[in-house]
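User: I would like to learn how to read a few features of a model. Please take them one at a time.

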Amino acid sequence: MKYLERRMVHGALLLVSVSVLCFLFTDLAPGNFFDEMKLNPQISSDTVASLRSQYGLDRPLPVRYGRWVHSVMKGEWGYSFAYNSPVRGLILLRAPNTLLLTGCATLIAWLIAVPLGVWTASRAGGWPDRVCMSGTSFCIAVPEMVVVFGLLYFSIRTHALPAGGMFSRGFEQFGFAEKMIDLAKHLIIPVLTLVLASLPILVRHVRASMIEVLNAPFMAAARGHGISRSRVLFGYALPAGANPLISLFGLSLAGLLSGSLLVEVITGWPGLGPLLLEASVSRDLYVVIGVVMSSTVFMIMGNLLADALLVAVDPRVRTE
Amino acid sequence: MLNNKLILAVVSLLLLQSAIVFAGFVAPHDPALQNRDLPFVPPTRIHFVDARGHWHLRPFIYQWAPLPQSVYEYQESGQREYPIYFLVRSNESTNAGVRTQFHLFGVEAPAQIFLAGSDNYGRDQFSRILFGGRISLGAGLLATGISLLLGLLLGAVSGFHGKWVDEPVMRLAELFLVLPWLYLLLAVRAFLPLHIGPAQTFFLLVAVIGTIGWARPARLIRGIVLSAKSRNYVLASRGFGASNGYILRRHILPHTYGVLLTQAALLIPQYVIAEVTLSFFGLGLSEPMPSWGNLLANLQQYSVLVSYWWMFAPALAVILVSLGYFTVANAIQERLQSASA
């Protein structure tokens with residue numbers, strides 16, 4: 001388990017450096033939340049100045065960073081100017097929703113991408129392969145924004161699916177099964193968008209990595225032993241080509257989270273995306289930092305998961 | 001290996017981009033010209049056959065007239081045909097400097113031609129898409145330039161020098177690669193001023209988008225420099241007393257051109273989409289300046305999304321640009337692979 005420990009330390013260091021980077025960026029900023037307040041004639045400049053000192057914005061950068069670290073230790077994660085509450089509550093309310101969305105999308109995308117990639121690789125050059133490849137290259141070029149608007153357009157026109165949000169009206173009164181169905185209905189559009197956005201790249205990588213394996217001499221040997229086709233593909237070729245795919249799993253999370261931000265904002269999904277956008281516009285500094293930090297935590301967790309999978313699958317990593 | 005797909009991609013990219021560069025000439029109307037009595041008119045239909053069944057060689061249009069007792073619904077008023085003329089001189093009063101006197105096509109004065117319909121102020125969407133392309137595509141191209149320049153500089157230095165430069169630069173690159181780009185983009189944008197002039201906003205956007213993406217090209221270039229610097233001919237030329245600058249310029253950097261080209265073709269559409277996203281969120285260029293992002297932001301209104309399908313038109317431009325550049329990137333990559341094999 002040496003390898004995993006090293007990766008965990010690496011993740012922690014990454015988290016620290018992201019927070020330092022965030023604070024360095026805040027120092028570049030010429031304005032802050034309270035400067036916007038100065039535009040309001042009903043608030044005197046004395047009030048603004050005292051608020052600034054109350055929140056510690058007039059202190060030098062290292063002091064502010066120290067205070068922030070202290071507040072993270074206390075479990076507050078900084079203080080939101082706009083909501084007038086600790087950041088932790090805001091994030092914990094919304095992070096599970098983002099996690100649900102990206103989790104579903106990741107699961108579905110991989111469940112489709114792996115068989116599709118293996119199948120097209122085993123018939124490389126045939127017409128299903130060619131159709132699939134031109135389909136994916138078209139899908140890569142269509143931005144998520146357009147996909148989600150297209151899906152929303154059709155769902156509103158046909159009244160088949162709810163047009164955004166996470167719950168229907170009167171959600172509290174629903175029974176458990178009804179709640180789940182309602183949630184699933186609201187999930188379809190955002191998840192479908194994310195799957196469509198991430199699927200093409202995944203399929204291409206699975207296909208490329210499988211083609212490389214299928215050309216190896218041991219595959220000819222396996223076939224020569226008369227092992228069935230599906231067992232050759234999924235029992236021998238896929239594990240041999242899984243290594244780069246597991247690394248891709250960690251890397252693809254970044255794109256998925258970015259896509260999820262956009263989709264959340266457009267469909268009104270109450271995740272981290274709308275929170276970050278709102279905080280960006282109103283310059284609610286610590287909320288911005290908090291959301292960026294939690295997206296980093298997601299990334300690190302995803303990458304750790306990928307590393308654990310790698311340890312489980314590849315004996316070379318274990319003995320290294 | 002010039003295939004049809006590549007030719008199609010290059011030709012459509014050239015057409016679209018020259019239309020955007022010469023938007024003042026190609027666009028039939030001033031992008032800021034409002035027609036408050038014609039909001040949300042559908043795209044003008046181009047006719048060849050008139051009401052009496054006569055064929056016309058020169059296409060013509062009818063004016064849109066609001067349907068009585070309705071909101072934003074129109075019918076063609078068949079009273080008068082307005083033929084479409086090419087290379088016309090316009091009499092429209094315009095904002096100085098934005099447009100030329102001559103236009104590629106147009107119709108006679110009281111009528112207006114809306115190839116992609118009009119928006120809530122009755123502004124011509126087609127013209128707005130072309131002028132908006134200057135912002136979106138311009139930002140994409142400039143930001144790509146910044147990213148590649150930063151990537152080349154940092155990648156070459158850290159690959160060539162190695163040792164104490166290499167380690168921090170690559171750790172920093174890792175930091176930028178691991179963060180989801182949209183979160184990073186919004187966060188950096190949050191720390192920068194919001195209420196500034198359009199020109200400043202544009203350059204701010206370009207700088208932010210360009211700076212965030214330096215890590216991938218830097219990594220790739222570092223790898224190439226690292227492998228090139230231990231080649232025998234580099235060692236030989238060092239033996240003859242060549243300076244570091246000379247070796248970099250003459251022997252090492254030429255290896256990176258292929259990767260730079262591929263990265264450029266991949267980054268341009270990504271950065272166009274980045275600009276579109278920021279403007280869409282209201283963190284980029286704002287009204288009355290058109291950009292593909294704030295044109296698409298109209299779709300966030302429920303009624304617009306449901307009723308006026310032509311408001312999707314800017315999306316077509318975005319898709320065309322990304323499809324074109326991705327095809328070019330694929331072709332370059334294939335060419336490089338077959339050259340190295």
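User: Where is the place of A:W77 in chain A?

Analyst: First, the ground rules. This is a predicted model, in which local features need pLDDT of at least 70, side-chain atom pairs count only at pLDDT 80 or more, and totals for chains, interfaces and linings use all residues. Residues are numbered from 1 along each chain as its sequence is written, chains are lettered from A and ligands numbered from 1 in the order in which they are written, and side-chain values use heavy atoms, with hydrogens and water left out. Helices (H or I, at least four residues) and strands (E, at least two) are DSSP runs, numbered from the N terminus. A:W77 sits in the loop between α4 (61-74) and β1 (79-80) of chain A. A:W77 is not a glycine, yet has a positive phi of about 60 degrees.

User: Is A:W77 buried, exposed or partly exposed, and why?

Analyst: Buried means under 20% relative accessible area, exposed over 50%, and partly exposed in between (1.4 Å probe, protein chains only). A:W77 counts as partly exposed because its relative accessible area is 27%.

User: How is chain A divided into domains?

Analyst: Domain bounds come from an automatic or database domain assignment. Here they give domain 1 (3-73) and domain 2 (93-313) of chain A. Taken over C-alpha atoms, the centres of the two domains of chain A are 33 Å apart.

User: What area do domain 1 and domain 2 of chain A bury between them?

Analyst: The size of an interface is often given as the accessible area lost when the parts come together. Buried area is the accessible area (1.4 Å probe) that two parts lose on being put together, summed over both. Domain 1 and domain 2 of chain A bury about 1600 Å² between them, with 80% of it on carbon and sulfur atoms.

User: How many salt bridges does the rule find across that interface?

Analyst: A salt bridge is a side-chain nitrogen of Lys or Arg within 4 Å of a carboxyl oxygen of Asp or Glu. The rule finds one between domain 1 and domain 2 of chain A. The side chains of A:D307 and A:R7 form a salt bridge at 2.8 Å, N to O.

User: Which elements give two or more residues to the side of domain 1 of chain A that touches domain 2 of chain A?

Analyst: They are α1 (2-28), α2 (33-38) and α4 of chain A. The largest share of that side, 12 residues, comes from α1(A).
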